[in-house]
Amino acid sequence: RGAACSCLVREGNASQQIVAVVRQFRVGRILLGTRSRGKLGKLLIGSVAENVLRSVDIPVMTVGPGANPAEEGQVQQRVVLYATTLKESSRASSSLACQIAASQKAKLVLLHVLPPIDEMERKGLPTGLDSAALRELRVLAAETGAGCCTTIEPHVVHGNASIEILAESVEREASLIVLGATRRSAFENLTLDRTIYRVLAHARCPVLTLRDQVGPRAETETEPITVEG
């Protein structure tokens, strides 16, 4: 299909060897196929995909056994779902997500998951359409859309982050889920980042994970090289 490809076989720990190749060849992107696991296995830390995600600062796309990208013409409107925490670093990731959506002629949905409604109401916080998060999402959508020619929809939901992200991706028949990942301590990775790993384990479409510092720099330094693990 016109893509230059080469093969490399190495012995040793899979995740360590993938990371070593990334550093050796200054790789710009990683594509990882993940295998099916039992219910218990999906909750355990230590898989190749999880170790690679913790060790690199470049975009990583994972394609699980349940991912079945729709063929051309099967869906009326392609959708790229970007789940954002609304941190300052979200702007660079949303810009890249928008570029990807535009290249696929897809709509970009900016999704933010709020805590359960009853929890927010107990604290006297506005929910849903009245939430501060939706106002921030609309600002982010306007800023992102200014440099990208595709439809952008800001959307907030309440509940568990991984469950709601997966539910939205299924309901909208998303062709891609984009997730932002932030650097945290080892203990925080064991707790807060579980959202990412749960989505990776159960997604029915490819998932692209972006570190918070990903931005235009990664696109301009050198021609990107993709490693498929």
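Start by selecting helices α2 and α8: α2 passes α8 in a right-handed crossing. A crossing counts as right-handed if the near helix is turned clockwise from the far one by less than a right angle, and as left-handed if anticlockwise. Helices here are DSSP runs of H or I with at least four residues, strands are E runs of at least two, and both are numbered from the N terminus.

A quick word on what you're looking at: this is a predicted model, where local features need pLDDT of at least 70 and side-chain atom pairs count only at pLDDT 80 or more, while totals for chains, interfaces and linings use all residues. Residues are numbered from 1 along each chain as its sequence is written, and side-chain values use heavy atoms, with hydrogens and water left out.

Back to the helices. The axes of α2 (residues 48–55) and α8 (residues 194–202) come within 11 Å and cross at roughly 140°. That makes the pair oblique, the label for whatever is not under 35 degrees (roughly parallel), over 145 (roughly antiparallel) or 65 to 115 (roughly perpendicular). The axes are lines fitted to C-alpha atoms over the stretch in contact, and angles run from 0 to 180 degrees between N-to-C directions.

Now show side chains. From α2, pick Glu50, Leu53 and Arg54; they meet Arg194, Ile196, Tyr197 and Leu200 of α8, where contact means heavy atoms within 4.5 Å. This contact divides into 4 nonpolar, no polar and 3 charged residues. Nonpolar covers Ala, Val, Leu, Ile, Met, Phe, Trp, Tyr, Cys and Pro, charged covers Asp, Glu, Lys and Arg, and the others, Gly among them, are polar.

Next stop: salt bridges, meaning a side-chain nitrogen of Lys or Arg within 4 Å of a carboxyl oxygen of Asp or Glu. The count comes to 5. Select Lys107 and Glu153, paired at 2.9 Å, N to O. Lys107 sits in strand β4 (residues 107–114) and Glu153 in β5 (residues 152–158), so this pair ties together parts 46 residues apart in sequence. Lys107 is buried at 19% relative accessible area, and Glu153 is partly exposed at 23%; buried is under 20%, exposed over 50%, partly exposed in between (1.4 Å probe, protein chains only).

Salt bridges with shared partners join Lys107, Glu153, Glu168 and Arg172 into one network.

Last, jump to Lys123 and Glu119, a salt bridge at 3.9 Å, N to O. Lys123 is exposed at 57%, while Glu119 is partly exposed at 27%.
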